[in-house]
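Subject: A structure for you to look through

Dear colleague,

I am handing over the structure below, and after it I set out what was found in it. Please keep it open while you read, so that you can look up each residue as it comes.

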Amino acid sequence: MKKIIEVEHLTKTYRQKRAVDDLSFQVYEGEILGLLGPNGSGKSTTINCILSLLSFEHGSIKIFGEKMHPNNYAVKRNIGVVFQDVALFDELTVYDNIDYFCGLYIKDKTMRKEYILDALKLVGLEEFVKFYPKQLSGGLLRRLNIACGIAHKPKIIFLDEPTVAVDPQSRNNILSGIEHLRKNGATIIYTTHYMEEVEILCDRIIILDKGKIIASGTSDNLKSLANIEEKITVEDVDMSDKKLEKIKDLKNVENVLYCNNTLVITYKKGKNNLPTFIDFLKSEKINYQKIFSERPTLNDVFLELTGKELRD
């Protein structure tokens, strides 16, 4: 596959602390790459370096085979960026906001009008063209923010938490729009804390921590790296500390979590631990309402690889 972005040995330091530490990776044409990591992992710094919004000490960045630098406007014209913080003009209507941002790249008025209408259709805002931002809900504002970033039909799109704090309907609309952008030829770099979105959208995933890549590959590839093979959940169950200790001593049990009458057990080996655990519950005369087994999710893997401690 054709390399669209090439990052080689990127190093960025803030006050003697390495935010990005000798980082190298590629983004390929037509893929959706999930760039994940806990707070402070280096995601935003990496993206800002790629966009030449930040300088860096070492390494190189190429986009479309060209070295990226702040004045490379030919490359920048083919990049769209949708940051997490909504950036709109309150005094402009929905249509005029998109027109302004699209006009930074598309000077031909006839072509620009066509592009604006395409963007409105993509995010489902055709009925809101005369509305002002203050008249829109949070979900509609997010969709407008995306339209402003992609109206000029860029070949590369950076999406930073595009579905944060929106309702399920708006989220579905946004995710469908992102998939449509890819089908139309865009290459997308996607950052989010919603792991289910990553599993749905992303062809490949990179997990950063402390400025380094700690894992990369498909969702299935990453799941195979974690020390988790099976997860059993028991709902509406009353457990004593003594019985919890017994569960921790069972064969292959990696971790036991009990909260709000829900018991979650992760196993590091084996794919058929459920019958054995049901026998244990019967022998201990433990009553429950529901029990089920599942493979670990990407969220389980993420916590396994990056740790469960809180980050700033």
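A residue is called buried here when its relative accessible area is under 20%, and exposed when that value is over 50%, with partly exposed in between. Please bear in mind from the start that this is a predicted model. With that definition in hand, you can turn to helix α3, which covers residues 94–103, where Val94, Asn97, Ile98, Cys102 and Gly103 are buried. Among the elements that cover these buried residues of α3 are α4 and α5.

The whole chain

The protein has 312 residues, and 47% of them count as buried. Its secondary structure consists of 11 helices and 14 strands, and the C-alpha trace spans about 75 × 45 × 35 Å along its principal axes. If you take the contacts between residues at least 6 apart in sequence, 67% of them join residues at least 24 apart.

Empty space

Rolling a probe the size of a water molecule over the atoms shows where empty space is left. The largest pocket holds about 540 Å³ of space, and its lining is made up of 20 residues, of which Ile79, Gly80, Val81, Phe83 and Tyr105 lie nearest its centre. Two or more lining residues come from each of α2 (73–76), β6 (79–82) and α5, and β6 provides the largest share, with four residues.

A search of the whole structure also finds one cavity of 30 Å³ or more, and the space in the largest cavity comes to about 50 Å³. Its lining consists of Leu122, Val123, Arg143, Ile146, Asn173, Ile174, Gly177, Ile178 and Leu181. The helices α4 (109–123), α5 (138–150) and α6 (168–183) each supply at least two of the lining residues, while α6 gives the most, with five.

Charged pairs

Side chains of opposite charge can pair when their charged atoms come close. In the whole structure, the search finds 15 salt bridges, and I describe some of them here. One of them joins the side chains of lysine 153 and aspartate 118, at 3.0 Å from N to O. This pair links distant parts of the chain, since lysine 153 sits in the loop between α5 and β7 and aspartate 118 in helix α4, 35 residues apart. Lysine 153 counts as partly exposed because its relative accessibility is 41%, and aspartate 118 counts as partly exposed because its value is 33%.

Glutamate 197 and arginine 171 form another salt bridge, in which the closest N and O atoms are 3.2 Å apart. Because glutamate 197 lies in helix α7 (residues 195–201) and arginine 171 in helix α6, the pair ties together parts that are 26 residues apart in sequence. Both glutamate 197 and arginine 171 are buried.

Aspartate 300 forms a salt bridge with lysine 231, with the closest N and O atoms 3.1 Å apart. Aspartate 300 belongs to helix α11 (residues 298–306) and lysine 231 to strand β11, so this pair ties together parts that are 69 residues apart in sequence. Here too, aspartate 300 and lysine 231 are both buried. Elsewhere, a network of salt bridges links Arg18, Asp21 and Lys212.

Buried charges without a salt bridge

Which side chain of opposite charge is nearest to aspartate 160, which is buried yet has no salt bridge? It is lysine 43, which is 7.0 Å away. Aspartate 160 lies in strand β7 (residues 156–160), and a polar contact of 2.7 Å joins its side chain to that of threonine 191. Not counting residues up to four places away in sequence, aspartate 160 touches Val82, Phe83, Gln84 and Thr191.

Glutamate 230, in strand β11 (residues 230–235), is likewise buried without a salt bridge, and the nearest side chain of opposite charge, arginine 295, is 8.1 Å away. The side chain of glutamate 230 makes a polar contact of 2.4 Å with the side chain of serine 293. Beyond its neighbours within four places in sequence, glutamate 230 is in contact with several residues, including Ile265, Tyr267, Leu274, Ser293 and Pro296.

With best wishes

Note on methods:
Residues numbered from 1 in each chain as written. Predicted model: local features only at pLDDT ≥ 70, side-chain atom pairs only at ≥ 80, totals over all residues. Heavy atoms only, no water. Buried < 20%, exposed > 50% of the residue type's maximum accessible area, 1.4 Å probe, protein only. Lys, Arg positive; Asp, Glu negative; His and termini not counted. Salt bridge = Lys/Arg side-chain N within 4 Å of Asp/Glu carboxyl O. Polar contact = N/O pair within 3.5 Å; in protein donor to acceptor, adjacent residues only side chain to side chain. Contact = heavy atoms within 4.5 Å. 1 Å grid on protein atoms, 1.4 Å probe; cavity = no way out; pocket = protein on both sides within 12 Å on 5 of 7 lines; lining within 4 Å. Points joined across faces, edges and corners; volume = space filled by probe spheres on them.
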